Amino acid sequence: MSLIIKDLHARVKDGATILNGINLEIPKGEVHAIMGPNGSGKSTLSKVLCGHPDYEVISGSAELDGQDLFAMSVDERSRAGLFLAFQYPVEVPGVTNANFMRAALQARMPKGEELDAVSFYKEMRSKMKSLDMDPRFTARAVNEGFSGGEKKRNDILQMMMLNPSYAILDETDSGLDVDALKIVSEGVNAMRAPFRSFVIITHYKRLLDYIKPDVVHVLYKGKIVRTAGYELVAQIEQQGFDFIKSEE
Amino acid sequence: MDESTFQIDTRGEFSFPENHKFDAGFGLTEATIDYICDAKGEPDWLREFRKDALRKFNAMPMPTHWAPEGIKDLDFEKIRYYLAHGTAPYKDWEEVPDDVKRTFERLGVPEQERAFLAGVDAQYDSETAYNNMQEELRKKGVIFVNSTEGLKEYEHIFRPWFGKVIPVTDNKFSALNHAAFSGGSFIYVPKGVKLEQPLQAYFRINSESMGQFERTLIIADEGAELMYMEGCTAPKYDSATLHSGVVELVALKGAKIQYVTVQNWATNVYNLVIQRGLAMEDAEIRWIDCNIGSGLTMKYPAVVLKGRRARGEVVSISLAHDGQLQDTGARMIHAAPETSSNIVAKSISIGKGRASYRGEVNVLKGMNGCRNNTECDALLISAESRTDTYPAISVNGNASAVQHEASVSQVDEEMLFYLQQRGLTRAQAMSLAVNGFINDLVKEFPMEYSVELRRLIDLEMEDSIG
């Protein structure tokens, strides 16, 4: 069981091609980091996998546990176990965090079954506590008026509530201070399991010090140009991405 | 609460065969008025009053210079002006004729009465079928009857205010209602009496080509408080149906009236309603208005702020689907110093639906220290949806503050992607976004209504996205 991406080419709808033949295999239970300079296509990759309407697949395939990802709608992909922690989580005015999560969990229930409200709130409260979030956030509108760090934390909370099998974290570390980074990382580490994979997109070593990846990829000009173990992180930290650019 | 006990989305779903003892036929003439007066057993002054109003109605032009186009298609000759079973309102559900009772049972009225209402008036076509109020309130001197009974039994209270807040010649539809009115509520709450539970009216149109002209007068005496709610439904017919009510509110010194409407008429219904309240010193009138149904609604609840420090508020939600025009808004007339008013209007246009906001804020000459805040926001669900805003603001007093804010937005694709990425279908995501848009206003509705409103919006979204 894994997420397998083969020769993926994708572009902005009616615009520039960003992904130029991505090949990736992410087996269940592993944590993969994707690093790369600005504009290399990291965020595009995560959006294309989740079905963002601004992008289109030109060619190639993606399989999620044997299912054709590109044949599914955005929400079907989510319910099939794919989760994206957004680089910029969106504000949803007037919709409380609790109602949003209830609706999202309810959408995963078999027809005719109701989510149990009491155990839902209990779970949400305990997960919020583990992320050091104010319990009053349940009644606040999703991300509205949240600081950058609060938004990121809220996305991690959603991930914990939805229990995805594949979670992509798109620059979750940006906007987080050291303490928040630690809390969020602990949350992610606690979720590491043989039945779950993480794809961590980041510019910085900092996050990867807390969440140690099994595999590190470097994405450059829409292609995976290097795949190695954790030692690659240190090399990038020391040399920047110049050594990759110079290999071009 | 169990949702099955409360449903106002029966729009177009069911009707019963007609079973009327009285039918005044098509068109409105002096003979029609004689027929109505005879059926109701009304006094001569009222017969003359109605006939005078009819003459004024006939003499007045349609408000085509400003009103939406669709009003031109309304043919007064093709409307039936009085249809009734011919019995006085029952006080016990068991006595209500079976078809009528089944209608209101389907709408959940008896359960609601037991659960949370202080009193109910259920109107079926032209007349009230059922009217009842808690005994305890009767003992306190609260009056809650239909307009016919109100004019008969309580003429000394009713008549001095009848047509005073909304005069016969206010506009053509006011004249029409004064000529043909039937049903609606007469409410009097004595000095200092505060109703803890709402009074509820149901307006049901059952018959084809029906014209329903309910007439409501609510008087809250000094320091009295009440909430009144009305719900409106009708089956869907091919021919046009007309609902043209007149609602007058009088809040005497320090009194508070809240008037809640949830209108879900079928789309063949013209909903042309005049609602106006008079707020005396330190009194407060709030209109909470929700328009979901009808093909053409023209409705602009108003408050005349007549006494010092009086407060007026309109909270308005409208939802316009394909083939619907919701022309709604609010009017605030500041006729005393230091009066304040607040208008919050939100509209949602779906598909080819159109929602307009029409507002008037008028601070009369010499009225100093008045305040108004107006906020209207429109949400467009598709590129074909449309919204218009027509505000009119006139300030003639000093040291007054009037503020108007308007916004138009579309449901943000980034937001839908975010919601869908968490597993909600596009329709569910849209519903959630729309519910969020009006959330702060829905909170103003009693709980039972807000649950139902959210459910109605979910249904509309499912329909529009498929």
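Me: How many residues of strand S15 (residues 284-291) of chain B are buried?

Reply: This is a predicted model, in which local features need pLDDT of at least 70, side-chain atom pairs count only at pLDDT 80 or more, and totals for chains, interfaces and linings use all residues. Residues are numbered from 1 along each chain as its sequence is written, while chains are lettered from A and ligands numbered from 1 in the order in which they are written. A residue is buried if 20 or more other C-beta atoms lie within 10 Å of its own, exposed if 12 or fewer, and partly exposed in between, with C-beta atoms placed from the backbone; strands (E, at least two residues) and helices (H or I, at least four) are DSSP runs numbered from the N terminus. S15(B) is largely enclosed by the rest of the structure, because the buried count is eight of the eight.

Me: Which residue of S18(B) is the bridge partner of B:Ile285?

Reply: Two strands pair if DSSP finds at least two bridges between them. S15(B) pairs in the parallel sense with strand S13 (residues 256-264) of chain B over eight bridges, and B:Thr261 has B:Asp289 as its partner. S15(B) also pairs with S18(B), in the parallel sense and over eight bridges. There, the partner of B:Ile285 is B:Gly312.

Me: In S23(B), what is the bridge partner of B:Val361?

Reply: S21(B) pairs in the parallel sense with strand S19 (residues 325-334) of chain B over ten bridges, and B:Met332 stands opposite B:Val361. Ten bridges also join S21(B) to strand S23 (residues 386-395) of chain B, again running parallel. In S23(B), the partner of B:Val361 is B:Ile393.

Me: Within what arc do the buried residues of H2(B) fall?

Reply: Helix H2 (residues 44-59) of chain B has 16 residues and reaches 23 Å from first to last C-alpha, close to the 22 Å expected (1.5 Å times one less than the number of residues). Its buried residues are B:Leu46, B:Phe49, B:Arg50, B:Ala53, B:Leu54 and B:Phe57. They line one face of H2(B), because the arc (that of the directions from the helix axis to the C-beta atoms) within which they fall is 140°.

Me: Which exposed residues does the other face of H2(B) carry?

Reply: The buried side of H2(B) is covered by elements including helix H1 (30-40), helix H6 (147-153) and helix H8 (172-180) of chain B. The face turned away from that side carries the exposed residues B:Asp44, B:Trp45, B:Glu48 and B:Ala59.

Me: How many C-beta neighbours inside 10 Å does B:Tyr82 have?

Reply: B:Tyr82 lies in the loop between H2 and strand S2 (83-84) of chain B. Residues in contact with B:Tyr82 (C-beta atoms, placed from the backbone, within 7 Å) include B:Phe22, B:Tyr35, B:Ser126 and B:Ser182, not counting residues up to four places away in sequence. The C-alpha atoms of B:Tyr82 and B:Ser126, 44 residues apart along the chain, are separated by 5.7 Å. B:Tyr82 counts as buried, because its number of such neighbours is 25.

Me: How many charged residues has the side of domain 2 of chain B that touches domain 3 of chain B?

Reply: An automatic or database domain assignment gives chain B domain 1 (1-278), domain 2 (312-334 + 342-410) and domain 3 (414-466). Eleven residues of domain 2 of chain B are in contact with seven of domain 3 of chain B; strand S18 (311-320) and strand S20 (340-349) of chain B are the elements that give two or more residues to the domain 2 side. Ala, Val, Leu, Ile, Met, Phe, Trp, Tyr, Cys and Pro count as nonpolar, Asp, Glu, Lys and Arg as charged, and the others, Gly among them, as polar. By these classes the domain 2 side has eight nonpolar and two polar residues, and the charged count is one.

Me: Which helices of chain B give two or more residues to the side that touches chain A?

Reply: In the contact between the chains, 20 residues of chain B meet 20 residues of chain A. The elements of chain B that give two or more residues to this side are helix H9 (413-421) and helix H10 (426-442).

Definitions and conventions
Two residues are in contact if their C-beta atoms, placed from the backbone, lie within 7 Å.
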